[in-house]
Amino acid sequence: MTELTEPEVKLEALLGIINSSARQAIAEYKKTGHGVPSADATTFHPLDMATDTLALRKATRLLEGAYHQLSAILAPPQHTVMNFVFDYNWACTDVALRARFADVLEQHPEGLSVDKLAEAVNLDKSKTARVLRALSLMGCFKEVERDVFTNTRLSLILKSTNNTGCYAQTHSRDVSKYAGVLYETMTDQEFSRSHEVEKAPRVFACRKEGTEESFWDMMKKDDERRDIFHRGMLGYSEMTGTSTFLHQYHWDNNTNHDLPEVMVQAQNAWEKDAPDALFDGRVELVPNNFLEDIPAAGKDVYYLRHILHDWPDAEATMILRNVRKAMGPNSVVLIRPYLALDDCILLHTFQEPGVGTTEGLSIDPQAPEPMLPNFGAGSHGVYQIDLTMWFLVNAKERTLDEMKIIAQVPYNSSLTRRATAGLALTQVYDLVETMVMEFRIA
Ligand SMILES: C[S@@+](CC[C@H](N)C(=O)[O-])C[C@H]1O[C@@H](n2cnc3c(N)ncnc32)[C@H](O)[C@@H]1O
């Protein structure tokens, strides 16, 4: 038998990872007692609605990372690179979301002709069919007879009632416009070297259209966008299993902070979903501007989810400093950014001494050889969110080291430009798409 060459050994190893991670995913579905999802499924699998899907998401990260690496080695490079730009799924998804294809198809489980669907959503028939066919390639909608479509397990995410669909829409609707001016902003004299919120690609694109207001001011004025944005945030929690993690903490005496217009929405949501918590005083809703202060003083836990990644370093530091001011001596600070790191630094930071594991939420040491150490395309979403933050508000995801730097400078130091919050990183929880980092007063 001839010996395998080194490249062949790597290909075999990637095939092995694909095989074993797919089997892990299959086992997770089977554990529910409902078998694996069918390719023709038109309803959700019970695991799709589960709150704890960490094991499945870890298997998916390996599967996608190994698969893309294998394909990039074996496919012609021309093909792979063209795939980077031949990707208008976001535009087709945007149409399906905003025209509510999935809502209409849900009334017709046996299938609906394109003509009738197009009529129901008031769009051109042949264009509607092209959008549906492009998405059907990916398993989102299905052509059951010629020109007759049904929903699938994937297209159900696009229903107007689905929070993850809202999360998708916050990206598909506007961010593409800002991404489209990226090169211009990187070469424009005024924008190219700036890391200020006011010099984000979004501002550049809006100026072209004759408008200029901050992202949060735009949200304030636009009730529909704001509603979709905040339901999208719920969708993101569902997708990443945040609530499972949060159950480790006690939330009896809870102060919810956000901008005043968002507190109105929060009040409605609490009244609808958990009125007792509100009326028993277990939850208090207090509007604030975290760039100025954090009114809830001396709490045990400060939970900042998807906050710091919305801000460049100067503002992120200011927010941390305000949290630090509000904290009592035993407080813990949790910061919940998405993770988007240089792959080498990511490896290094995972192995920091003192950053260990915790019950049920261990940190993966690193991706197995020969995968890229940061799981490669298995971390696709994280790196896309980093770009989204740049396009929208000139902000970013940070490496663990960057996060430590903005948090660590002692609170009592003179407030120079580099002064920060005086917090030390004590624990990290890897939730695949996000990481929860626990900081204590240094
Ligand atoms: C990415 S969202 C995350 C929301 C929520 N923490 C979650 O995870 O669902 C960022 C939040 O910051 C709020 N925000 C923006 N500027 C703020 C400010 N100056 N003071 C307080 N909240 C602010 C926004 O209204 C928005 O709800």
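Predicted model: local features only at pLDDT ≥ 70, side-chain atom pairs only at ≥ 80, totals over all residues.

Q: What about contacts, how many of them join residues at least 24 apart?
A: If you take the contacts between residues at least 6 apart in sequence, 67% of them join residues at least 24 apart.

Q: What is the mean pLDDT of the protein?
A: The mean pLDDT is 85, and 86% of the residues reach 70 or more. Over residues 336-362, however, the pLDDT is below 50, although this stretch has 89 contacts in the model beyond near neighbours in sequence.

Q: Switching to the ligand, which residues come nearest?
A: There are 15 residues around the ligand, and of these His230, Asp258, Asn289, Phe290 and Arg305 come nearest.

Q: What kinds of residues make up that shell, nonpolar, polar or charged?
A: The shell around the ligand divides into 8 nonpolar residues, 4 polar ones and 3 charged ones. Helix 12, which covers residues 223-240, provides the largest share of the shell, with 3 residues.

Q: What is 2.6 Å from an oxygen atom of the ligand?
A: That is an N or O atom in the side chain of Asp258. On the nitrogen side, a polar side-chain atom of Asn289 lies 2.8 Å from a nitrogen atom of the ligand, while a polar backbone atom of Phe290 is 2.9 Å from a nitrogen atom of the ligand.

Q: And how much of the ligand's accessible area does the protein cover?
A: On its own the ligand has 590 Å² of accessible area, and the protein covers 89% of that.

Q: Is Ser237 buried or exposed, and why?
A: Ser237 counts as buried because its relative accessible area is 15%, and the cut-off for buried is under 20%.

Q: What is Ser237 in contact with, leaving aside its neighbours within four places in sequence?
A: Ser237 is then in contact with Thr242 and Arg305. With Arg305 there is also a polar contact of 2.4 Å, which joins the two side chains, and Arg305 is itself one of the residues that come nearest to the ligand.

How values were computed
Residues numbered from 1 in each chain as written. Heavy atoms only, no water. Near = heavy atom within 4 Å. Polar contact = N/O pair within 3.5 Å; in protein donor to acceptor, adjacent residues only side chain to side chain. Areas by Shrake-Rupley, 256 points an atom, 1.4 Å probe, with all protein chains shown as cover. Helix = DSSP H or I, 4+ residues; strand = E, 2+ residues; numbered from the N terminus. Nonpolar A, V, L, I, M, F, W, Y, C, P; charged D, E, K, R; others polar. Buried < 20%, exposed > 50% of the residue type's maximum accessible area, 1.4 Å probe, protein only. Contact = heavy atoms within 4.5 Å. pLDDT = per-residue confidence, 0-100.
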